[in-house]
Amino acid sequence: MNMLGFYQRGDSVLHCISPSSLVTSYFILLIAVVMLSSSLPGIVLSILLIIILYSYGGIALLPAVRALWRFRAFMITIFLMNAFFQPAAEPLFSWWIITLSSDGMMIGLRMIATIVLVTLLSSLLTAVATPLKITDGLRALLHPFSYLHLRTDEIALIISIAITMIPVLAREGRYIMLSSRSRGFAVHGNKIKERVLSFVPLVLPLFLSAFRKADDLTSAMEARGYRGEYGRKRKKVHYAKADVLSIILSILVFAGAAALGGVY
Amino acid sequence: MSVLKRSLTCAVCIALCVVLPMVFHAIPNGGVLFSPMHLPVLLCGIVAGWCSGVICGIAGPLLSFLFTGMPGLPMLPQMMTELGCYGFFAGLMMVFLHKRRCGVIISLLVAMIAGRIVAGLARAFIFTPGAMTLPIWITSYFVSCLPAIIMQLVLIPLIYAALEKTGFTEKEQG
C-alpha cells in the first residue's frame, strides 16, 4: 500500500541520492509544480513530471492515486464551490446566488490539481527516503540558521518525527471515525453547542492516543540514552554525480516552470 | 517536562495539524466551521511551552500544505502568522498561570484574542493591505468561526485535564 508517509525499500536512483540533495530537489520541484499548476498545459506537464519521477524512483503511482481517491468528496466540493459560486463577468448560467462560469471551473480545477500534484510529490519523497534521511536533509537545509543560535538539529528531528507520525495518526483517525460511525455518530442538531459536543467523541480519543504515542516514544528514546545532538558522531556525506545532476535538473524544471508561467 | 518530551509533543501536534483537517473534511463544511488546525497548536503551546507552540504554529500549516495542498499557497503565510501567535501566546500565558485553576481557559482566551489581533494587523498591513476593515476582521475572525472558538474552549481544557490525570504534564523529577 502506498499511503502518504510510508517508506518503500528499493535501489533506484532516487533511493541513492544523498539526503541534502534529495530534500533540496524536492523543495525546488515543489515550487515548480505549484507554479505549473496555474495553467492547463502546466498541469499536463506536471503530471508527466510526476509519472517520470515515480518511474525513476521505482514506486507504483496507482496505489498513491488510489490513496488520494479517498478525498474525492472534498475535491468535488472544492470544484463545485468554485464552479458555482465564483462571481464572473460572463456567466454560463446564473440563478439567485448560483453563478456557473468557465473561470470558476478553471479555478476549481487548478486548486484540485495543486492539491493532487503536491500530495503525490510529497508522497514520493516519503516513499524513497527514510525518516532518518529526511531529517539529515532538513538538518543540512536548516544549517545556516544555526548561526542565529537556533537549534536546527532539534527542529529537523521534530519535523522528521511529525512526518513519520502522519500516516500513523491518519490511520488512527480513520479507525476512530469508522468506529464512531458504526455507533451512530452524526453531526446532529442545529444549535452550535450540539454540533460542537458531537465532535468530542471523535477528537478526544485521537488527541489522547497521539499524546500517549509521544510519551511512549520519549520513554523509548530516553531509555536508549538519547541526549539530543550532544556527543553524536555523523558519517561524512560524499556527494556523487547523481546528487549534482538531481539539483541541476530540478533547477532546470523550475526555470522551465517560471518561463512557462510567463507565457501563460 | 524534559526537552525531548517537549520536542516529541510538538512533533505529534504538527502531525495532528495535518491529520485533523483530513478527519474534519470528511464531514460537510467541517473544515471551515471548526478550524481544526487551531486545536493542536493551542494545545501544544499550553502543554509544551511557547517555543514548541511557535514551532508547531509555523511548521503545522507548512507541512499540511506540503502533504495535502491545504491551506492554499495564498493563505499559507497568513495562517503561519496566526497559528504561530496562538502557540506563542498560549505557551507564554501558561508560564504565569499554570498554577491557577482557570489557567488553561485564561491562556486560551488571551491566545485567541492576541493571535487574532496580530493576524488582523498582519493582513491589514502586509498580506492584503487596504482590504481589511474592522467589520471584516470581526466577521472573519469571530463570527464565522464561532463554532471553532466554542469547540476549542470546550475541548482543550478537557484534553488538558485528561493529560494531567495521566501524568503527562508532570514536571521532570530531579
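This is a predicted model: local features need pLDDT of at least 70, side-chain atom pairs count only at pLDDT 80 or more; totals for chains, interfaces and linings use all residues.
Local features are included at pLDDT of at least 70 and side-chain atom pairs at pLDDT 80 or more, while totals for chains, interfaces and linings use all residues. Residues are numbered from 1 along each chain as its sequence is written, and chains are lettered from A in the order in which they are written.

**View 1. Chain A has 11 helices and 2 strands.** Helices here are DSSP runs of H or I with at least four residues, strands are E runs of at least two, and both are numbered from the N terminus. Follow the sequence and you get α-α-α-α-α-β-β-α-α-α-α-α-α. Of the 264 residues in chain A, 36% are buried (20 or more other C-beta atoms within 10 Å of a residue's own, with C-beta atoms placed from the backbone).

**View 2. Helix 8 (residues 152-182) of chain A crosses helix 10 (residues 200-223) of chain A.** Their axes come within 10 Å and cross at roughly 145°; axes are lines fitted to C-alpha atoms over the stretch in contact, with angles from 0 to 180 degrees between N-to-C directions. Among the residues that meet are Leu169(A) and Ile176(A) in helix 8 and Pro201(A) and Leu206(A) in helix 10 (contact puts C-beta atoms, placed from the backbone, within 7 Å).

**View 3. Chain B meets chain A through 40 residues from chain B and 44 residues from chain A.** On the chain B side, helix 1 (3-25), helix 4 (50-68) and helix 8 (146-166) each supply at least two residues. Helix 1 of chain B gives the most, with 16 residues.

Terms used: Two residues are in contact if their C-beta atoms, placed from the backbone, lie within 7 Å. A residue is buried if 20 or more other C-beta atoms lie within 10 Å of its own, exposed if 12 or fewer, and partly exposed in between; C-beta atoms are placed from the backbone.
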